[in-house]
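Please read them with the structure open.

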Amino acid sequence: MERKCHECDEPLPAGALFYQCQVEFISGYDEDHPYSGGETDENIDTLVSRLEEQDPQDVMDDVYQKIEFVLCPVCRKRMAGELQKRFARHTETKKMAKIVPLQPKKD
Ligand SMILES: [Zn+2]
């Protein structure tokens, strides 16, 4: 199967440089979260009734979602620049972008 850039559809032939990208959405909460007060029967009942009304995939995505895609060097550079610019006003994002190196997949 021929590899292509998922952004621009440019073919990425064998031996060509490409980027495996992952975006992870990991849910976070603090002590003000309505369910962080302990597992009382009332909290569990409320949570169960909420879960029964929702699509299972939506529930899982609310907790954790990972999107994977392949980019060519041109699209990687453009997308990384756009993301850094988009979140540049947040100090934490700037810090993470500088500190967290991309690790190659070890399969
Ligand atoms: Zn591309």
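**Notes on the predicted model**

1. Start with the strand pairing. Strand 1 and strand 2, residues 64-71, run antiparallel to each other and share eight bridges. One place to look is Gln-22, which faces Glu-68 of strand 2. This is a predicted model, so treat every value here as computed.

2. Now the overall layout. The protein chain holds four helices and two strands. In sequence order the pattern is β-α-α-β-α-α. Among contacts with a separation of 6 or more, 69% join residues 24 or more positions apart.

3. How much of the protein chain is buried? Buried residues account for 4% of its 107 residues. Two elements show this in detail. Strand 1, residues 19-26, is hardly covered: zero of its eight residues count as buried.

4. Next, confidence. The average pLDDT of the protein chain is 83, and 78% of the residues score at least 70. Which elements sit at the two ends of the range in mean pLDDT? Strand 2 has the highest mean, 96. Helix 4, residues 91-99, has the lowest, 58. Where pLDDT is low, the predicted coordinates should not be read in detail.

5. Is Asp-9 buried or exposed? Asp-9 counts as exposed because it has 9 C-beta neighbours inside 10 Å, and the cut-off for exposed is 12 or fewer.

6. Ala-14 is found in the segment before strand 1. Ala-14 is exposed because 6 other C-beta atoms lie within 10 Å. What separates Ala-14 from Glu-2, in sequence and in space? They are twelve residues apart in sequence, and their C-alpha atoms are 8.5 Å apart.

7. To sum up, I would keep two points in view. The antiparallel pairing of strand 1 with strand 2 spans eight bridges, and strand 2 carries the highest mean pLDDT among the elements. Helix 4 has the lowest mean pLDDT.

Definitions and conventions
Residues are numbered from 1 along each chain as its sequence is written. This is a predicted model: local features need pLDDT of at least 70, side-chain atom pairs count only at pLDDT 80 or more; totals for chains, interfaces and linings use all residues. A residue is buried if 20 or more other C-beta atoms lie within 10 Å of its own, exposed if 12 or fewer, and partly exposed in between; C-beta atoms are placed from the backbone. Two strands pair if DSSP finds at least two bridges between them. Two residues are in contact if their C-beta atoms, placed from the backbone, lie within 7 Å. pLDDT is the predictor's confidence in each residue, from 0 to 100.
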